[in-house]
Amino acid sequence: MREFAARFALMLVVYAGFATREPSYYHVAGIASLLDGAFLTGVIALGVGLTMVAGEMDLSVGSMAALAGVLSIKLETFGVLPALVASTALAALVGAAQGWFIARLRINSLIFTVGTLIAFRGFALLLAGEQTVNIPIADLDATDFLSAHWLFLSPLGGLLIVVALLIFGLTTFTSWGREIYAIGGGRTEARAAGVSVRRPLVLAFAMSAGLAGLAGAVMSLQSDSATPLGYDAVLLDAVTVCLIGGVALRGGRGSVVGIMIGLFTLRFLVSGIASLGAPFWAQSLASGVLLISLILAEGGYAFLRRRRSFAGVGGLRGGMS
Amino acid sequence: MIPPSLSVSLRQHLSRDAGQWPAFIVMIGVLALFIIAGAATPSFLTFGNALVIVRAASMTGIVAVGMSVITLSGNLFALSAASLGAFLAVIFAIVTASLGLAAGVVAVIVVAIAAGGLQGVAVVITGNPIIATLAFGAAFRGLASILSSNGVLRINGAAAIWIGTGRPLGVPTQSWAFLILTVFAWFLIRRTSLGRRVILTGASRDAAHASGIGVDGVICTALVIMSLMVAVVALFTVCQFSEARANLFSGYDFDYIAAVLVGGIALRGGEGSPLQAALGAILISLLENLMLLNGFSAGLRIAIVGLVVVAATGTFHVLGRKHR
Amino acid sequence: MLRMQNIAKRYGATLALEHVDLEVAAGEVMALLGENGAGKSTLVKILSGLEHPDAGSIEVNGAVRAIASPGQAKAMGISYVAQELSVIGCLSVAENVLLGDTTIGVFRSQSRLARLARPYLERVGLGYIDALRPAESFSVAERQLIEIARLLSRKTRIAILDEPTATLSETEIDRVKAAVRALAAEGCAVVYVTHRLGEVFELAGRATIIRNGRSFPAVATSSVTVDQLIEMMLGRRLDQMFPERRGGGGDELLVIKDCLCPGLTAPISLTLRKGEMIGFAGQIGSGANAILKMMAGLLPIQQGSISLHGKPFTPSSAHASIAAQIAFCSDDRKRDGIFAARNLFENLTAPTIDGISRLGVIDRTREAVRARGIAQQFDIDVNKLGRLAGNLSGGNQQKVALGKWIGLDPSILMVEEPTRGVDVGARAEIYRHLRRQTDAGLSVLFSSSDTHEVHGLADRVGTFFRGRLIDLAPASTMTVESMTRAITHPDLAA
């Protein structure tokens with residue numbers, strides 16, 4: 001728990017810094033909008049976080065969210081829930097295939113997912129006919145329930161909590177989840193101990209693509225439309241959230257609690273900056289600078305230590321060769 | 001595809017300067033595509049269309065050539081190129097509008113060197129080029145928006161317009177720049193001591209360090225070179241359209257990376273040449289042009305390019321492993 | 001429990017194992033002894049399914065079995081614990097103990113795992129630790145014990161332990177020994193690979209000795225002496241392998257006074273003369289290479305002073321050492337000795353890029369001249385300079401890794417394990433090249449776990465045991481036997 005204390009304190013500082021200026025923070029509606037606003041980044045960060053824990057990274061989540069969003073709008077004629085489930089399942093399936101290829105070819109996931117990032121975007125454009133797709137006007141009422149609120153809880157906020165609990169269970173209480181940590185914390189050691197690398201990789205990438213698909217589909221259905229070029233900035237936010245939350249770039253380290261703390265730190269910061277009257281584009285600068293300072297802080301210490309020896313000078317770890 | 005006897009003699013020939021074989025594969029791909037396209041598409045094999053292809057490849061190609069230096073140094077990619085381009089474009093437009101073209105050029109070069117150096121330091125310290133440059137990309141884009149107040153900045157002047165739209169000897173200035181910078185980068189990597197250090201750092205960072213090569217400086221230099229290439233592209237683009245906006249080049253990062261990947265430069269670093277990135281850019285441009293002439297939709301084009309990238313990455317990866 | 005008979009294995013032209021028998025009973029600790037290169041590791045690889053024998057039979061529990069893969073070995077109850085541990089730092093101790101255990105089911109809570117792991121941890125003497133804490137918060141010795149607890153949890157029937165005590169201190173070693181006894185007490189057959197003869201007598205009932213690919217019948221440790229074991233381990237070797245000494249010893253070049261660095265437990269003083277070759281003998285973890293690494297700027301100096309050419313010198317970084325013309329060739333050739341994907345021209349000129357360029361442009365003629373010059377000195381085929389270093393044999397790679405430093409015109413050349421992964425023929429060549437360099441006035445410091453090599457090659461010989469320099473004397477005053485005793489069991493080296 002000690003490891004979370006510093007991060008939690010940072011979150012509270014950010015919160016307190018802006019809460020004095022933004023009275024709506026104290027209201028039920030404020031909490032609701034906070035949860036809703038955190039849904040997209042949060043769900044995707046949980047998935048990307050899993051791949052980071054495995055010592056890899058799924059860069060294709062933004063494109064996958066866009067693709068699943070378009071797909072869910074197209075499938076909406078069969079009902080909202082079937083559309084949601086089908087898009088999510090398909091995304092997870094594609095992600096599983098992606099993980100299988102990465103394990104089979106022993107290819108660096110950063111490289112592989114750069115390729116699929118482009119390809120998924122193309123599929124989304126193809127499927128949408130290069131334009132924003134909308135739900136037929138007659139069906140508009142069908143998706144209203146996604147915007148409903150019960151006190152501070154909307155379907156979005158509820159879903160975020162459910163997903164976080166599920167991932168927490170997966171990574172804490174199942175051997176499948178723990179294997180993801182094992183291959184991230186020491187891949188050669190894990191292999192030597194007889195842990196298969198394939199299953200955790202397939203699982204991590206299936207989860208990251210599936211959750212990206214879920215987020216994209218829910219957001220699209222809620223707004224009754226999807227654009228094939230959407231969600232291109234979500235990767236940056238998701239990675240920032242994971243890094244604030246203590247997920248290590250080198251793998252093997254990270255937790256759902258940490259990611260949630262990271263998520264709300266970023267949300268407080270972003271909505272706080274907005275409340276100061278800064279233009280929306282300043283958020284990009286803020287999250288960029290935040291991410292730069294985080295990775296420099298994380299890397300700086302290790303860098304100073306390894307300067308003296310050959311041991312740490314090697315390149316990226318993971319499936320580089 | 002290649003008969004075994006030919007492939008054996010080919011390998012013997014290539015073994016003298018290994019690392020060249022992917023370039024040959026890409027070149028063969030370009031030629032094959034040319035022939036197929038020429039036969040199937042009537043308006044394809046014309047000088048005008050060739051110019052269109054090269055011109056379309058030029059702006060992507062220049063950045064891809066710069067990106068290839070980073071890849072060769074063993075640091076995969078920079079995901080900040082497009083945002084940096086927008087940032088530099090905005091700076092160029094602002095300085096040119098108030099102090100003139102020459103001052104604008106100087107300002108862009110100075111800022112590009114600083115931006116490259118800073119990113120280099122971050123890459124060295126974090127050891128993760130993708131994340132480090134992703135973060136810098138966001139910052140650059142934000143800075144571009146703030147400096148331009150998210151509006152359109154206009155410049156004018158005959159010299160700038162000539163740079164943007166001139167056609168010495170009937171070939172656009174951008175294509176000349178592409179040609180010259182490709183040759184320059186090729187010379188830098190293949191013939192200079194700096195290039196040798198880049199290659200050796202990419203081939204084995206540990207061995208380079210053990211041989212007394214300052215690997216940290218080499219990596220910073222690679223990022224500076226890429227930033228300068230981006231600066232050139234930003235300059236040409238602003239001159240061509242006489243304006244700069246903060247959302248310039250948005251989404252182009254993956255085009256640059258696609259060119260490097262399709263060019264078959266070894267992603268583990270230390271093998272390949274900037275020429276391959278240039279060829280990769282031309283190959284993609286050729287493919288795009290061909291699909292365009294045949295009336296493919298934009299979505300289909302992007303999807304096909306994406307699949308080509310995935311296929312090329314996987315193939316080169318597997319081939320590269322066998323070759324070792 | 002285990003009976004291996006007539007095992008033979010050939011790698012290309014070299015016969016790694018000619019005729020080896022190994023028999024271990026349940027509950028027995030069998031020491032496996034032999035010099036480096038005798039064939040121990042090949043035998044261990046065959047047993048763990050990583051290599052397949054060309055001839056011979058393996059019986060496990062009375063049934064003749066073929067071990068086709070590591071997975072199959074695991075299924076048969078054979079576990080191999082390598083020197084590089086397979087304990088994963090970010091997982092809890094309990095998870096590490098039960099890693100890869102499929103009988104527990106997919107759903108498992110940490111506290112349940114800790115409960116299940118507890119008995120195994122207690123049996124290896126780790127009953128006091130919090131099994132929920134991550135493994136990285138424990139010492140190397142404790143992690144070694146966690147690894148042995150994992151063997152217990154897997155109901156391992158045959159355990160192969162490869163030098164489990166190489167990097168541990170005295171008190172830690174006692175704990176590992178106790179755990180190994182516990183493992184045997186469970187009825188497990190233990191194959192214990194070691195270089196430390198003291199442990200053999202304390203731990204093992206019998207010892208199998210391999211020499212040059214052939215095994216001796218197992219001997220009971222109660223019926224032999226240390227000297228007899230050493231005699232069996234050391235075969236007659238070709239003495240003409242080593243070049244003649246020309247009595248090195250010019251002016252004092254390097255004076256190290258009371259220096260201490262990580263890896264050493266006692267300060268070291270020595271003087272290296274111009275044209276002299278000093279060899280350090282010691283097993284892995286003995287500290288034989290520590291001074292080399294310190295001089296290369298890779299380990300910090302904790303105390304003491306160094307003077308080079310009569311002036312004070314501090315090797316503060318790899319760069320500073322290279323600038324002072326001290327070259328270092330590590331034992332991990334693949335990692336930092338050569339550029340596998342680049343040709344020999346580039347490899348041989350890597351430390352001297354500025355020397356072959358003019359105004360920042362590489363002069364291809366100078367490059368070729370320099371590379372050819374080095375190639376000729378080291379008998380590398382000048383027509384093959386265009387080939388990739390990664391495609392060369394181990395011997396030629398080692399020549400490249402050494403030769404590239406000659407262009408720097410170094411005053412001291414330091415080499416870790418000069419002939420690791422090099423076949424016998426190329427070894428003699430590398431010895432000759434090193435000697436030729438000292439004849440030309442270069443000073444050489446090298447460390448090796450091959451006692452013959454140190455004795456045959458060096459002018460003066462230092463022996464290391466557990467971070468301590470036992471003895472430093474001219475090679476002519478030592479024998480291979482006395483050196484072996486010093487690096488394996490110095491208490492008996494009176």
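Where chain C meets chain B in this predicted model, the contact draws 24 residues from chain C and 24 residues from chain B. Sorted by class, the side of chain C that touches chain B holds 11 nonpolar, seven polar and six charged residues.

Chain B also meets chain A, and here the contact takes 49 residues from chain B and 44 residues from chain A. Three helices of chain A, namely H5 (109-128), H10 (234-244) and H12 (282-306), each supply at least two residues of the side that touches chain B. The largest share of that side, 14 residues, belongs to H5(A). Its composition by class is 29 nonpolar, 12 polar and three charged residues.

Chain B, which takes part in both contacts, has an average pLDDT of 85, with 91% of the residues scoring at least 70. Residues 1-18 of chain B, however, have a pLDDT below 50, and in the model this stretch has seven contacts beyond near neighbours in sequence.

Within chain B, helix H3 (residues 47-72) can be followed through two helix pairs. Two packed helices are described by the angle between their axes and the distance between the axes. In one pair, the axes of H3(B) and helix H8 (residues 173-191) of chain B come within 8 Å and cross at roughly 20°. Because angles under 35 degrees count as roughly parallel, H3(B) is roughly parallel to H8(B). The crossing of these two helices, H3(B) and H8(B), is left-handed. H3(B) contributes Val54(B), Arg55(B), Ser58(B), Met59(B), Gly61(B), Ile62(B), Val65(B), Val69(B) and Leu72(B) to the contact, while H8(B) contributes Gln174(B), Ser175(B), Ala177(B), Phe178(B), Leu181(B), Thr182(B), Ala185(B) and Ile189(B). By class, the residues of this contact comprise 11 nonpolar, five polar and one charged.

In the other pair, H3(B) and helix H12 (residues 253-262) of chain B have axes that come within 8 Å and cross at roughly 65°, and H3(B) passes H12(B) in a right-handed crossing. From H3(B), the contact involves Thr60(B), Gly61(B), Val63(B), Ala64(B), Met67(B), Ser68(B) and Thr71(B), and from H12(B) it involves Asp255(B), Tyr256(B), Ile257(B), Ala259(B) and Val260(B). The residues of the contact of H3(B) with H12(B) divide into seven nonpolar, four polar and one charged.

Definitions and conventions:
Residues numbered from 1 in each chain as written. Chains lettered and ligands numbered in written order. Predicted model: local features only at pLDDT ≥ 70, side-chain atom pairs only at ≥ 80, totals over all residues. pLDDT = per-residue confidence, 0-100. Contact = placed C-beta atoms within 7 Å. Nonpolar A, V, L, I, M, F, W, Y, C, P; charged D, E, K, R; others polar. Helix = DSSP H or I, 4+ residues; strand = E, 2+ residues; numbered from the N terminus. Axes fitted to C-alpha atoms, helices over the stretch in contact; angles between N-to-C directions. Parallel < 35°, antiparallel > 145°, perpendicular 65-115°, else oblique. Left-handed = near helix turned anticlockwise from the far one by under 90°.
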